Amino acid sequence: MASPEIETLTQALSRLPGLGPRSARRAVLHLLKKRETALDPLLAALTAVSQRLATCGTCGNVDTSDPCAICADPRRDTRQLCVVEEVADLWALERSRLFPGRFHVLGGKLSALDGVRPEDLAIDSLISRVAAGGIDEVVLAMNATLEGQTTAHYIAERLESRPVRLTQLAHGLPVGGELDYLDEGTLAQALRARRPVA
């Protein structure tokens with residue numbers, strides 16, 4: 001039997017997405033065997049991120065600075081704004097390196113079943129960013145789920161009176177698919193084929 005500390009570590013890892021109890025045990029054993037090359041660097045990285053973790057006050061991204069690296073980058077096109085449900089979606093699109101603009105993270109999607117209402121998301125701050133001017137295009141990059149499309153439709157209605165071009169990712173994305181699980185090729189094609197919101 002493992003010590004209580006090792007068992008606590010195993011239980012903590014098993015709660016991470018994609019890791020069950022068996023995978024967590026294997027990860028812990030690897031970390032213990034490779035203490036100097038795996039455990040100590042992981043501990044240092046976790047401590048550094050924990051101490052500096054911040055949510056960007058502009059876009060809602062999670063980073064170690066506020067504003068985040070994307071919002072602070074002067075090379076980004078400030079006239080394009082891509083709206084995503086979660087930070088994982090932002091990171092997935094950013095891995096493709098195809099979107100030159102900035103982002104806005106809603107923090108979820110509208111869902112009557114889960115009790116998520118418009119005021120629970122960062123929709124008002126999105127409307128404020130667009131109202132401030134300087135944005136020509138808003139790309140609605142919602143997941144291809146019923147809730148994602150409902151959220152996109154709601155945002156499109158809220159931005160209807162604003163002088164911005166509304167586009168959304170092409171519907172070549174699999175139905176029920178989530179951006180975080182798509183490969184870069186699929187994301188690249190979806191970004192290139194985006195179209196105006198009707």
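**Cysteines.** I began with the cysteine sulfurs, and a search of the whole structure returned 0 disulfides, a disulfide being a pair of cysteine sulfur atoms within 2.5 Å. Cys68 takes part in no disulfide, and its nearest cysteine sulfur, that of Cys59, is 3.7 Å away. For Cys71 the closest cysteine sulfur is also in Cys59, at 3.6 Å, which is too far for a bond. I then looked up burial, where buried means under 20% relative accessible area, exposed over 50% and partly exposed in between, with a 1.4 Å probe and protein chains only. Cys68 is buried at a relative accessible area of 0%, and Cys71 counts as buried at 9%.

**Basis of the values.** I note that this is a predicted model, in which local features need pLDDT of at least 70 and side-chain atom pairs count only at pLDDT 80 or more, while totals for chains, interfaces and linings use all residues. Residues are numbered from 1 along each chain as its sequence is written, and side-chain values use heavy atoms, with hydrogens and water left out.

**Overall build.** I looked up the secondary structure of the protein chain and found 8 helices and 7 strands; these are DSSP runs numbered from the N terminus, helices being H or I of at least four residues and strands E of at least two. The C-alpha trace spans about 65 × 35 × 35 Å along its principal axes. Of the 198 residues in the protein chain, 37% count as buried. I also looked up contacts, meaning heavy atoms within 4.5 Å: among those between residues at least 6 apart in sequence, 55% join residues at least 24 apart. The accessible surface comes to about 11800 Å², and carbon and sulfur atoms hold 55% of it; such areas come from the Shrake-Rupley method with a 1.4 Å probe, and for residues only the protein chains shown count as cover.

**Charges.** I found 23 positive and 25 negative side chains in the protein chain, with the centres of the two sets 5 Å apart. Lys and Arg count as positive and Asp and Glu as negative, without His and the chain ends, and each charge is placed at NZ of Lys, CZ of Arg, CG of Asp or CD of Glu.

In soluble globular proteins, nonpolar side chains tend to be buried together. Leaving out residues up to four places away in sequence, I found that Leu93 touches Cys82, Val84, Phe103, Ala141, Leu179, Leu187 and Leu191.

**Backbone exceptions.** Most residues other than glycine have a negative phi, and most peptide bonds are trans. I found a cis peptide bond joining Asp66 and Pro67, with omega about 10°, and Pro67 sits in the loop between β2 (62-63) and α4. Arg97, although not a glycine, has a positive phi of about 55°; Arg97 is placed in the loop between α5 and β4 and counts as exposed at 76% relative accessibility.

**Single residues.** I looked up Thr151 in helix α7 (residues 146-158) and found that Thr151 is buried, at a relative accessible area of 0%. Beyond its neighbours within four places in sequence, Thr151 is in contact with Leu106, Lys109, Leu110 and Met142.
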